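Here are a few exercises to work through with the model open beside you. Try each task before you read its solution.

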Amino acid sequence: LIKGLLMSANPLSVSVRRQPHRGWGIIENGTLAILAIIVIVYVVSKLWGLWTQKDVAMEVTNYQSIITYVRGNFKQTSGYNFTSAATMTGTVIAAGGAKGMTIQGDETSGTATMTNTFGGQVVITPVAANGFNNGFSLSSAKIPQDACISIAQQMGNGAYASVSINSSAHTDGNVSAETAAKECIKDSGGTGQNTLTFTVNG
């Protein structure tokens, strides 16, 4: 009797089968993947921006250094006595006035050339005025659009007789950020398409 009462007081328990945890679902995994991609893109964009700023700073410093060197070492009473851009560029390189640039060829030969950070040719050309080479220009090619805007604005502060962005010349030597943004063209195939030219008189 007691056994019967105990059995009636404790009815048969129903076993519950627990489903095993199947881990993260597709939605959760997809959300994590998207967040990871966003973080990676953000970090890469920041690093790219810092790298571009470094390149711009280096280019501006190099251009200013070369221009200062040429004015201080090659100006004579009759101007800058060079017959061509090739001989002037090669001579500046041979004399050690192209620090920071990548030199192509034997730098002591007087016929070497130089390129900028972006792989574009950097050329120094005598500029004739009033019958003699009273000035010179420094041109730099293959500059990416973002770097072109920054360099043109930084160096277009009236310190030079003229600043040209591709075919647009600013004869007062001044270039605003707005103007540079309009005149610096976009890259093609990852290669810069802009040429900047800085002209010095005297």
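**Exercise 1. Find which residues touch the most other members of the largest nonpolar core, and which elements supply it.**

Solution. Start with the term: a nonpolar core is a set of buried Ala, Val, Leu, Ile, Met, Phe, Trp, Tyr and Cys residues joined through side-chain atoms within 4.5 Å. Buried means under 20% relative accessible area, exposed over 50%, and partly exposed in between, with a 1.4 Å probe and protein chains only.

Step 1: the largest core has 35 residues, and Val70, Ile151 and Phe198 touch the most other members.

Step 2: look up the suppliers. At least two residues each come from α2 (26-73), α3 (85-94), β3 (121-129), β4 (132-143), α4 (145-155), β5 (162-165) and β7 (194-201). Helices (H or I, at least four residues) and strands (E, at least two) are DSSP runs, numbered from the N terminus. The top contributor is α2, with six residues.

Step 3: zoom in on Val70. Skipping residues up to four places away in sequence, Val70 touches Lys75, Tyr80, Met88, Val92, Ile124 and Phe136. Contact here means heavy atoms within 4.5 Å.

As background, nonpolar side chains in soluble globular proteins tend to be buried together.

A word on ground rules: this is a predicted model, where local features need pLDDT of at least 70 and side-chain atom pairs count only at pLDDT 80 or more, while totals for chains, interfaces and linings use all residues. Residues are numbered from 1 along each chain as its sequence is written, and side-chain values use heavy atoms, with hydrogens and water left out.

**Exercise 2. Work out where Thr89 sits and what its side chain lies 2.9 Å from.**

Solution. Step 2: check its cover; at a relative accessible area of 5%, Thr89 is buried. Step 3: follow the side chain, where a polar atom lies 2.9 Å from the backbone nitrogen of Ile124. Step 4: list the contacts of Thr89 beyond four places in sequence, namely Ala112, Met114, Val122, Val123 and Ile124.

**Exercise 3. Decide whether Phe74 is buried or exposed, and list what it contacts.**

Solution. Step 1: find Phe74 in the loop between α2 and α3. Step 2: read off its relative accessible area of 16%; Phe74 is buried because that is under 20%. Step 3: leaving out neighbours within four places, Phe74 meets Tyr69, Gly79, Tyr80, Phe82, Thr91, Val92 and Ala95.

**Exercise 4. Count the disulfides and say what is tied together.**

Solution. Step 1: searching the whole structure for cysteine sulfur atoms within 2.5 Å turns up one disulfide. Step 2: the partners are Cys148 and Cys184, with sulfur atoms 2.0 Å apart. Step 3: the angle about the S-S bond is -70°, a left-handed link. Step 4: Cys148 lies in helix α4 and Cys184 in the loop between α5 (177-183) and β7, so the pair ties together parts 36 residues apart in sequence. Both cysteines are buried.

**Exercise 5. Find how confident the predictor is, and where the pLDDT is below 50.**

Solution. Step 1: pLDDT is the predictor's confidence in each residue, from 0 to 100. The chain averages 85, and 74% of the residues score at least 70. Step 2: go to residues 41-51, where the pLDDT is below 50; apart from near neighbours in sequence, this stretch has one contact in the model.

Technical notes. Polar contact = N/O pair within 3.5 Å; in protein donor to acceptor, adjacent residues only side chain to side chain.
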